[in-house]
Amino acid sequence: MIIGVTGGIGAGKSTVCAVFEKAGARVIDADATGHEVLRDPIVIRNLTNVFGREILDSDGQIARRKLGKRAFASDKNREKLNAIVWQPLRQLLLDKIHAALDREPTRPVVVDAALLVERGDPKKIVDILVVVTAPEALRIQRTMARLGISRAEVVARLSAQLPEEDKVAVADFVVVNDKTPAVCRQRARAIWNKLQCEEQ
C-alpha cells in the first residue's frame, strides 16, 4: 500500500508522517528527495540557465533559499522551476517507492509530498491520499518559525499552492491540524487504524 500525505506548507504533514512511521510505515520524504535532485549536474545547469548563477552557493551547488526567492517571485518563474525539477523528482520518488516495496512488499510506504495534487493525478503515484489541513494563520506562523523566513516569503509560497479545499476534494482522508500536536497525532492514528482495517 502506498499512502500519499500532502497539504499546504505548514499544515503538519511531517507530524502525520511521523505517526505513520512509528506505526510501521516506511516514509519517503519528497522534500529530501528534492534536495537530491537539486544536486544533479543537469538540473543545476538548467536552473542556472533560467535563474542565473546567483542561485549558486560558493561550492557551485543550488542555494535553496536564493532559488526559492526567485522561483516564488511570480507564477511564471514557479512554472519554470516546476518544468525543470518535477520530472526528475517524480522519477526518483517512483524509484524509491519501488525499491522499498521490493525490499519489504507488505510494509506500507508513505510519500510525504507537498505538491502531489498540484502536479497532476496523485493516484498515478499513490493508492491512498491523506490531506493535512490547518488554518492559514497557523500555517504562516509555523512556517516562519521552522524555516526562519519572512511572512512575505511564506505568503508567496502559500499563493503558489492549490487552495486547501481543492486538495480536500480529492482526499481519501483528511487530518485537521488546528489544535495541539498531540491532537494531530491522535487524529492521524485514527486514520492509520482505518487503513489497517481496510488492508486486512
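Biologist: Leaving aside its neighbours within four places in sequence, which residues is D112 in contact with?

Modeller: Happy to! Please keep in mind that this is a predicted model. D112 sits in strand β3, which covers residues 109-112. Setting aside neighbours within four places in sequence, D112 is in contact with V5, K13, S14, C17, V27, I28, D29, A30 and D31. K13, one of those contacts, is also the nearest side chain of opposite charge, 4.7 Å away. A salt bridge here requires a side-chain nitrogen within 4 Å of a carboxyl oxygen, and D112 has none, although D112 is buried.

R157 belongs to helix α7, residues 151-159. R157 is likewise buried and without a salt bridge; its nearest side chain of opposite charge is E153, 5.1 Å away. Not counting residues up to four places away in sequence, R157 touches I9, G68, F72, L147 and I149.

One of those partners, G68, leads us to helix α4, which spans residues 64-71. Helix α4 packs with helix α5 (residues 75-103) at an angle of about 130°, and their axes are 8 Å apart. Because of that angle, α4 counts as oblique to α5. From α4, the contact is made by L67, R70 and A71, while α5 contributes N77, R78 and L81. Sorted by class, the contact of α4 with α5 has 3 nonpolar, 1 polar and 2 charged residues.

Technical notes
Residues are numbered from 1 along each chain as its sequence is written. This is a predicted model: local features need pLDDT of at least 70, side-chain atom pairs count only at pLDDT 80 or more; totals for chains, interfaces and linings use all residues. Side-chain values use heavy atoms; hydrogens and water are left out. Helices (H or I, at least four residues) and strands (E, at least two) are DSSP runs, numbered from the N terminus. Buried means under 20% relative accessible area, exposed over 50%, partly exposed in between (1.4 Å probe, protein chains only). Lys and Arg count as positive and Asp and Glu as negative; His and the chain ends are not counted. Contact means heavy atoms within 4.5 Å. Axes are lines fitted to C-alpha atoms, for helices over the stretch in contact, and angles run from 0 to 180 degrees between N-to-C directions. Angles under 35 degrees count as roughly parallel, over 145 as roughly antiparallel, 65 to 115 as roughly perpendicular and the rest as oblique. Ala, Val, Leu, Ile, Met, Phe, Trp, Tyr, Cys and Pro count as nonpolar, Asp, Glu, Lys and Arg as charged, and the others, Gly among them, as polar.
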